[in-house]
Amino acid sequence: MKKPTVAMTMGDPAGIGPEISVQAAVNSKVTDRVNTLIIGDATRLQKAIDILAEKGKMTVKPEIRPINTIQEARFEQGVIEVIDLHNVPNDLPWGELSAIAGQCAFDYLNKAVQLAVQKEIDAICTAPLNKEAWKLAGVKYPGHTEALAELSGAPGSAMMLVNAGLRVVHVTTHVSLKKAIEMATKERVLGRIRLTAQSLSQFGVPNPKIAVAGLNPHAGEGGLFGDEEAQELIPAIEQARAEGYQVTGPLPPDSVFSRAASGEFDVVIAMYHDQGHIAIKMLGFDTGINVTLGLPILRTSVDHGTAFDIAGKGIARDQSMIAAMMVAADFLQGRQ
């Protein structure tokens with residue numbers, strides 16, 4: 001069976017993206033399952049390899065091979081194929097915020113989406129970008145998820161985090177807590193349940209067992225601590241059950257994630273950013289993976305930032321990037 005091709009975007013070139021991308025691109029656990037390539041800047045990636053070699057993180061330096069099209073890729077051992085956009089200035093400093101780096105990161109993502117939509121690659125795995133750098137560059141999207149949805153023509157999308165067997169989908173992400181409470185409506189929660197069930201079914205988890213976390217402590221305790229569960233969450237859950245989905249809840253947020261991690265549920269619907277992120281990151285900061293649901297393409301990502309404080313020092317850990325590539329491989333296998 002032909003191995004699928006997964007393209008990594010280099011992310012913000014001033015961050016740790018170049019370093020973790022080249023390490024993941026030659027990791028045998030990854031290359032045994034998928035063909036890898038990087039969309040980025042060949043010169044910057046070579047600098048990352050040189051830095052890692054100096055620190056002893058790469059005992060054998062792979063060859064960087066710039067290509068213009070996927071058809072040119074050979075996927076040879078010890079060679080990293082790079083769709084080279086050649087857009088990083090040679091003197092760009094490591095670890096510094098800039099509009100130039102923000103634009104570069106967006107260009108890599110845009111190119112990757114084009115290739116995925118055209119089915120020239122099977123999945124995208126993204127290295128971290130910096131949202132402030134995107135803003136400086138005039139990029140209109142607040143982050144990867146929103147950009148991916150519009151660039152790929154998706155009607156809607158959602159973030160799913162994966163770590164150590166726990167899957168979490170968020171009803172809201174980058175909004176204030178006050179706004180998140182306002183957005184926890186029946187329609188939005190029901191939409192997330194439907195999207196989650198349909199997406200996981202595509203990824204080899206048919207009719208998934210879905211748990212919905214409460215918004216309030218103790219899931220409202222029958223109205224003692226808030227009525228959002230009764231007014232919004234329970235009607236959404238009842239409607240989802242009527243449509244044939246396996247849904248339980250709303251369940252107390254302080255226990256539902258542990259129950260899911262132990263295997264009782266396939267996924268948890270979290271109401272807001274920190275509710276879900278804290279649970280995922282407590283299981284391991286370097287192993288959390290981000291998967292975007294609702295897209296016509298498969299995208300996984302690390303769940304950490306650009307780490308400007310350690311960028312260019314050859315000490316960035318590649319575990320999350322490798323895990324993101326392995327999750328992409330798992331989902332591609334599930335689709336097959």
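Let's start at Ser199, which sits in helix H8 (residues 186-202). Keep in mind that what you're looking at is a predicted model. Ser199 has a relative accessibility of 6%, so it counts as buried, the cut-off being under 20%. Leaving aside residues up to four places away in sequence, Ser199 touches Leu293 and Gly294.

Now for the sheet. It's an open one built from 12 strands, with mixed pairing, and the order reads E3-E4-E2-E1-E5-E12-E11-E6-E7-E10-E8-E9. Strand E3 (63-67) and strand E9 (246-251) are at the edges; each has a single partner strand, so one side of each has no neighbour in the sheet. On average, neighbouring strands are turned by 25° against each other, direction ignored.

Take a look at strand E10 (residues 267-270), which is covered on both faces: Val267 and Ile269 are buried on one side, Val268 and Ala270 on the other. E10 runs parallel to strand E7 (residues 166-170), joined by 3 bridges, and here Val169 stands opposite Ile269. Strand E8 (residues 209-213) also pairs with E10 in the parallel sense, again over 3 bridges, with Ile210 opposite Val267.

Elsewhere in the sheet, strand E5 (residues 123-126) and strand E12 (residues 299-302) run parallel and are joined by 3 bridges. Ile124 has Arg299 in E12 as its bridge partner. Helix H4 (residues 99-117) packs on the sheet, touching strand E1 (5-9), strand E2 (35-40), strand E4 (79-84) and E5, and its direction makes about 140° with that of E2. Then there's helix H6 (residues 144-152), which lies across E5, strand E6 (158-163), strand E11 (289-293) and E12, running at about 160° to E12.

Terms used
Residues numbered from 1 in each chain as written. Predicted model: local features only at pLDDT ≥ 70, side-chain atom pairs only at ≥ 80, totals over all residues. Heavy atoms only, no water. Helix = DSSP H or I, 4+ residues; strand = E, 2+ residues; numbered from the N terminus. Buried < 20%, exposed > 50% of the residue type's maximum accessible area, 1.4 Å probe, protein only. Contact = heavy atoms within 4.5 Å. Pairing = 2+ DSSP bridges. Axes fitted to C-alpha atoms, helices over the stretch in contact; angles between N-to-C directions.
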